[in-house]
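Please examine the sequence and the structure shown below. The paragraphs that follow lead through strands, helices and charged side chains in turn.

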Amino acid sequence: MSGGTTGEPNAEEESVTVSLLSAQRSVPNSTSQVAVVGANVCPIESLDYEIFENELFKQDWRTRGKAQILQYICMKWLLCFLVGLIVSIIGFCNNLAVENIAGVKFVVTSNMMLEKRFGMAFLVFSVSNLVLTLFASIITAFIAPAAAGSGIPEVKAYLNGVDAPGIFSLRTLVVKIIGSISAVSSSLLVGKAGPMVHTGACIASLLSQGGSKKYRLTCKWLRFFKNDRDRRDLVTCGSAAGIAAAFRAPVGGVLFALEEMASWWRSALLWRAFFTTAVVALVLRAFIDLCLSGKCGLFGTGGLIMFDVYSANISYHLVDVPPVLALGVIGGILGSFYNFLLDKVLRVYTLINEKGIFYKIFLACLISIFTSCLLFGLPWIASCRPCPADASEACPTIGRSGNYKKFQCSYGYYNDLASLIFNTNDDAIRNLFSKNTDSEFQDSSVLIFFITCFFLSIFSYGVVAPAGLFVPAIVTGASYGRLVGMLVGSYSNLNHGLYAVLGAASFLGGSMRMTVSLCVIILELTNNLLLLPLIMLVLLVSKTVADAFNGNIYDLIMKAKGFPYLETHAEPYMRQLTVGDIVTGPLQLFNGIEKVSNIVHVLQTTRHNGFPVIDEPPLSESPVLFGIILRAHLITLLKKKAFLSTPDQTGIDAFKQFSTGDFAKRGSGNGDKLEDIGFTEEEMEMFLDLHPFTNASPYTVVETMSLAKALMLFREVGLRHLLVIPKISGRAPVVGILTRHDFMPEHILGLHPLLARSRWKRLRIRLPSLRKIF
């Protein structure tokens, strides 16, 4: 992290009634932010979303012609097209592989069930699930631990400015794709939507940096985006493409990136994200047409999680509103309880994962065996039901998909619980959403399925394998929604399938706390705009109820992992603090013309990434702040050895000796290291002119500015360093530097513990009032 400050002590009375601030102190800021990336604890740095406007950058822009600017703009659109094309191909292949692998498994098992070889059927089913889970966990644990989980919290943190190592590497991408296929095919209650978002972000990141230099998969004409700002935009488009490919929801993908993922947005980015998802939709449509001709094996003709179950007109009246409101309230309570349990389970899993790779893999295998036992054993407790005379498809269903699974029943009968639980997640959702099936399922079967999905999705998510939460949440919500519809019965005009859709919406709203994007995604899934008013209603109610208890699931996961995510709002106690109250020291800075030995010593003894540059006499009449220089730029200068024999400002021509490419941001983990540079004693006594390479227009705030205002500026602009300058002239030209770590509540409350006590008192006052409301 970057340097802090030395603040002058001022005498303040430590009284809650007079002031909640303790005396201002100079506390060394030597801590390093760490977070759990995948299953490993890694150091965390921030990204440079601010444009570094030094003289070299300005000269480069002045010399660019119209042709170069046009090429830069065209490359942005070309990369968006490539992201959409590649993500759609991977999304289709992902679905194709899952449907065929899982389909073969269910067909073989069902054939053995028809032959009354129940023991062998269970053995084949459980062993195949175990092998698939074992394969996914092994490649994740040994090759790319950052590929574990859904990846949405990591991508969201990246777009907020958190540089987690390895989350966008080529290894992570490959393991994410293969591991997701294997994990979903193994009948673990996990989804592929989250991994698809991470996959899209990985592809966008790799394309923006020109490929992977480590594996010699590079292309020079792709290396146009040599800064974090442009890469952030492309990663945002990649995350939107991931949702679009997972659900065939192009507009929903754009809104998901806007509402949930991005911390920074503008109209130009909206256009490029929309273009990217449009490419995804067109390519997927072409592939689905290919599958409709029967060339995709066991891949269903419904195509890529498309639940086209409500093509007919739907009529609902005022009497149907109370049950829908009840669905929203139940969804909010269940969603918040789901988040609470998942957070606790993930913390327990973290303790297990810390013991070593063997424990991670063993835990995944244990969950797989437990899941197989439940999926195969629970249908035996359900009674067989006679096939309806007016069934819209063959009854009983022989094979993989269908509403009427035969399982252990005799011919002419079907097992309704097996139709839900002994199936792929996509087929289970189609069965729950299906219309004109009000008498197909028993209350007890749907209740058992809901409880099983609720807890299995919680225990399955934390295993060391790529796993999403979107599809499990849809399955869980659809099951309880259909159960509510069965309980309401004839008192409502809505059929049970529609209640399942509304239940899925309410549970997603209660767990993920999104409204607009979820509404559009569900509309695109069900292919009926007439559901819009009811879906809007349940989403608004469920989100409002759930917000009274805890945060959304991805924010809780980010907090559990330790990502220093900056929220959109400031805590109330931040308005009682100024930036001068939290800056810490000691401050490391450089002169405009600095001795090489001093620079090397500071870089060796600190881990700061930004250093203020000041000018002192004779370069200026009095000490003044010239700007800020980055650690990576200093290492580049030392590597090029652009030294001066005397401390003169006109010693080198920076524009002839350097180019902007020398200071371009490289891919994660590919930067130069100080340890790789050797210096002679003569070189250590020479000087470096830092002026041409220093950002002379950094963002600064006066030390008396409200901490809440500084946080809003820091987050909205996407800063890595924020310089604090004194209010009174005559003091040092810079008081300190604020970084992401300085805005974390743990850091602030650690400096001012009285604020923590006051905060807890306010929470205890609020809780009784919330209990009265709910």
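In what order do the three strands E14, E15 and E16 form an open sheet? The order is E14-E15-E16, and the pairing is mixed. The edge strands are E14 (700-702) and E16 (736-738), each of which pairs on one side only. Neighbouring strands of this sheet are turned against each other by 35 degrees on average, direction ignored. Such angles are taken between axes, which are lines fitted to C-alpha atoms (for helices over the stretch in contact), and they run from 0 to 180 degrees between N-to-C directions. E14 pairs with strand E15 (residues 722-725) in the parallel sense over three bridges. Within this pair, Thr700 stands opposite Leu723 in E15.

Some background is needed before going further. This is a predicted model, in which local features need pLDDT of at least 70 and side-chain atom pairs count only at pLDDT 80 or more, while totals for chains, interfaces and linings use all residues. Residues are numbered from 1 along each chain as its sequence is written, and side-chain values use heavy atoms, with hydrogens and water left out. Helices (H or I, at least four residues) and strands (E, at least two) are DSSP runs, numbered from the N terminus. Strands of a sheet pair through backbone hydrogen bonds, either parallel or antiparallel. Two strands are said to pair if DSSP finds at least two bridges between them.

A second open sheet has three strands in the order E9-E11-E12, again with mixed pairing. Its edge strands are E9 and E12 (624-630), each pairing on one side only. E9 and E11 pair in the parallel sense over two bridges. Asn591 stands opposite Ile614 in E11, and Phe590 has Val613 as its bridge partner in E11. E11 and E12, by contrast, pair in the antiparallel sense over six bridges, and Pro612 stands opposite Ile628 in E12.

Buried means under 20% relative accessible area, exposed means over 50%, and partly exposed lies in between (1.4 Å probe, protein chains only). Both faces of E11 are covered: Gly610, Pro612 and Ile614 are buried on one side, and Phe611, Val613 and Asp615 on the other.

Helix H20 (residues 596-605) also has buried residues, namely Val596, Ser597, Ile599, Val600, Val602 and Leu603. What covers them includes strands E9 (590-591), E10 (593-595), E11 (610-615) and E13 (687-689), together with helices H21 (631-640) and H23 (681-684). Contact here means heavy atoms within 4.5 Å.

Two further helices, H10 (residues 321-353) and H15 (residues 470-488), have axes that come within 11 Å and cross at roughly 145 degrees. Pro323, Leu327, Ile330, Gly331 and Leu334 in H10 meet Tyr480, Gly481, Val484 and Val488 in H15. By class, this contact of H10 with H15 has seven nonpolar, two polar and no charged residues. In this classification, Ala, Val, Leu, Ile, Met, Phe, Trp, Tyr, Cys and Pro count as nonpolar, Asp, Glu, Lys and Arg as charged, and the others, Gly among them, as polar.

Charged side chains can be followed through salt bridges. A salt bridge is a side-chain nitrogen of Lys or Arg within 4 Å of a carboxyl oxygen of Asp or Glu, and the structure holds 17 of them. One of these joins Arg430 and Asp427, whose closest N and O atoms are 3.0 Å apart. Both residues lie in helix H13 (residues 425-433), three residues apart, about one turn of the helix. Arg430 is partly exposed, with a relative accessible area of 22%, whereas Asp427 counts as buried at 6% relative accessibility.

The side chains of Asp233 and Arg232 also meet in a salt bridge (3.9 Å, N to O), and both of these residues are buried. Another salt bridge links Glu716 and Arg715, with the closest N and O atoms 4.0 Å apart. Glu716 counts as partly exposed at 41% relative accessibility, and Arg715 counts as buried at 8%. Finally, salt bridges that share partners join Arg232, Asp233, Arg266 and Arg272 into one network.
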